[in-house]
Amino acid sequence: QALPAIITLVAGGLQMKAEHDAGKFAQIQHEEAAEQEGVAAKDREIERRRRLVEALAHQNAVAGATGSAVGFGSRAAIALSDAKRASYDTLSDRASSGRRALILRQAGSEAARQGRYRAGATLLDTAAGAMDAWPT
């Protein structure tokens with residue numbers, strides 16, 4: 001006679017666990033995405049520096065080929081401008097990347113919290129269902 005109530009309790013417990021685990025899994029996915037954002041930011045930084053070094057090397061090669069002095073006049077101004085632009089791009093990317101990583105981590109925390117809320121609601125619903133199914 002208590003079998004329907006027991007089945008209701010077991011099914012509710014399994015559903016509660018599944019909802020909690022789904023929230024935790026979503027949190028883990030968001031954490032991994034935040035870490036990948038950090039790696040991507042480092043890759044972009046490396047690529048920016050590589051392009052800056054190439055540009056400076058090209059400017060030096062042109063200066064050497066034309067016989068002009070490296071580090072003087074407009075060539076120095078161009079090199080300084082390139083370095084400033086690369087520095088600005090780096091700072092901008094760090095801020096943007098950090099913001100994206102923070103948003104992903106917050107979304108992960110919220111997903112875990114929502115999973116806990118759904119699990120709690122399932123627990124209450126299961127308890128009510130078990131009380132209805134319990135023989136009197």
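1. In this predicted model, the side chains of Arg 50 and Glu 54 meet in a salt bridge, with 2.2 Å from N to O. A salt bridge here is a side-chain nitrogen of Lys or Arg within 4 Å of a carboxyl oxygen of Asp or Glu. Both residues lie in helix α1, four residues apart, about one turn of the helix. Helices are DSSP runs of H or I with at least four residues, numbered from the N terminus.

2. Arg 50 is partly exposed at a relative accessible area of 38%, and Glu 54 is partly exposed at 45%. Buried means under 20% relative accessible area, exposed over 50%, and partly exposed in between (1.4 Å probe, protein chains only).

3. Salt bridges that share partners join Glu 37, Arg 44, Glu 45, Arg 48, Arg 49, Asp 93, Arg 94 and Arg 100 into one network. The structure holds 13 salt bridges.

4. Arg 44 forms a salt bridge with Asp 93, the closest N and O atoms being 3.0 Å apart. This pair links distant parts of the chain, with Arg 44 in helix α1 (residues 3-66) and Asp 93 in helix α2 (residues 73-133), 49 residues apart. Arg 44 is partly exposed at 29% relative accessibility, whereas Asp 93 is buried at 12%.

5. Arg 48 also forms a salt bridge with Asp 93, at 3.5 Å between the closest N and O atoms. Arg 48 lies in helix α1 and Asp 93 in helix α2, so the pair ties together parts 45 residues apart in sequence. Both Arg 48 and Asp 93 are buried.

6. Residues are numbered from 1 along each chain as its sequence is written, and side-chain values use heavy atoms, leaving out hydrogens and water. Because the model is predicted, local features need pLDDT of at least 70 and side-chain atom pairs count only at pLDDT 80 or more, while totals for chains, interfaces and linings use all residues.

Definitions and conventions. Helices (H or I, at least four residues) and strands (E, at least two) are DSSP runs, numbered from the N terminus.
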